[in-house]
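Hello,

Here is the structure for you to look through. Please open it first, then read the notes below.

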Amino acid sequence: MNFIKMIAACSLLTATAGQAASITYQTPNASSQSGLTGSLSLPKLSSALGMLTSITLGASGTTFSTVGVENFQPTPLGFAAASGAQVIIDAPTGEQLGFGAYTLHPILHLSGYDGAFDYSGTSGATLYAFDNGSDSSSLQLLGNYIGNNNFALNYQIYDLVAQGSFPNQHFTYFSEDVTSFYASVTYNYDAAISPPGGVPEPASWALLIMGFGLTGATMRRRRRAGASSPDARELMQQCLPGCDKTVI
C-alpha cells in the first residue's frame with residue numbers, strides 16, 4: 001500500500017510541477033519620419049506553452065536628424081540648437097513606452113545674410129546628429145496577451161527641435177528626422193515539465209514496464225516459497241519408523 005501511495009504522489013508531482021521559462025518576439029525594424037504614425041504587430045503567447053506570469057515590452061531605435069539654419073538678417077547671429085526625435089508606443093492595455101534620441105549642437109556663429117538661401121555659406125549651416133534610445137515597461141492584464149494571434153502596438157514619431165533664445169524672425173530653419181526602431185515582447189511563464197499532450201519516449205516506457213514486472217515477479221516468488229514450505233506435522237509424519245511422532 002505504501003508503495004502505491006508513493007507512486008501516486010510522484011505522479012501528482014510530475015503533473016503539477018513547472019519550471020520557469022521565457023520567450024521573446026521582436027518586430028522587424030520600422031522606419032518613419034517625425035510627425036508620422038503607424039503600428040507594429042507582435043505574437044501573443046500560446047496557452048499551450050504554460051501559465052503566463054509576467055510580460056516585458058521593450059523598444060529601441062536610432063534617429064538620424066538633420067537641421068538647417070539660415071540667418072536672413074544683416075546682423076550676425078549666434079545660434080544654439082538641439083535636434084532629435086521621440087518615439088511613443090502605446091500597448092493595447094494602456095501602457096506606454098517613450099524614448100528619445102536627442103543631440104545638443106555646439107553654438108553656431110552665423111554672419112549676416114550672404115545672399116544665398118542655401119543653409120550653408122557664412123550665414124547658414126546644416127547640422128546632423130545620430131542618436132540611440134530605448135525604453136521598457138511591464139505589461140498588466142496578462143489575459144489580453146494569451147492566444148494564437150497577434151496584438152498591435154501603435155506608435156507616433158515626434159520632432160525634438162529647440163532653437164536658441166533669438167526670435168524666429170531673425171532666421172529660418174528646417175528639421176528632418178528619420179527614426180529606425182523595433183519593439184520586442186518577452187513572456188515569462190511556468191512551463192510543465194512534460195509538454196502538454198506529450199507522449200513518453202519508448203525507452204521511458206520500457207524502464208517503467210520493466211520496473212513493474214520485476215516488482216510483480218518478486219512478490220509472486222515470495223508467495224510460492226511460503227506455500228511450498230512443509231509445516232511441523234508433515235515433517236513428523238516423514239520420520240523413520242520408531243521415532244516419536246507425537247506432535248506438540
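A nonpolar core is a set of buried Ala, Val, Leu, Ile, Met, Phe, Trp, Tyr and Cys residues joined through side-chain atoms within 4.5 Å. Buried here means under 20% relative accessible area. Please keep in mind that this is a predicted model.

First, the overall layout. The protein chain has three helices and eleven strands. Along the sequence they follow the pattern α-β-β-β-β-β-β-β-β-β-β-β-α-α. Of the 248 residues in the chain, 27% are buried. The accessible surface of the chain is about 15,200 Å², and carbon and sulfur atoms account for 58% of that surface.

Next, the contacts. If we take contacts between residues at least 6 apart in sequence, 82% of them join residues at least 24 apart.

Now the cores. Which members of the largest nonpolar core touch the most other members? They are Leu57, Ile89, Leu153, Phe181 and Tyr187, out of 26 residues in that core. Two or more residues of this core come from each of strand 3 (37-43), strand 4 (51-71), strand 6 (82-90), strand 7 (96-104), strand 10 (150-162) and strand 11 (171-192). Strand 11 gives the largest share, six residues.

Leaving aside residues up to four places away in sequence, Leu57 touches Leu42, Ala91, Leu97, Asp135, Ser136, Ser137, Leu139, Leu153, Ser184 and Val185. There is also a second, separate core of ten residues, and among them are Val67, Phe79, Leu110 and Leu127.

Regards

Key. Residues are numbered from 1 along each chain as its sequence is written. This is a predicted model: local features need pLDDT of at least 70, side-chain atom pairs count only at pLDDT 80 or more; totals for chains, interfaces and linings use all residues. Side-chain values use heavy atoms; hydrogens and water are left out. Buried means under 20% relative accessible area, exposed over 50%, partly exposed in between (1.4 Å probe, protein chains only). Helices (H or I, at least four residues) and strands (E, at least two) are DSSP runs, numbered from the N terminus. Contact means heavy atoms within 4.5 Å. Accessible areas come from the Shrake-Rupley method with a 1.4 Å probe; for residues, only the protein chains shown count as cover.
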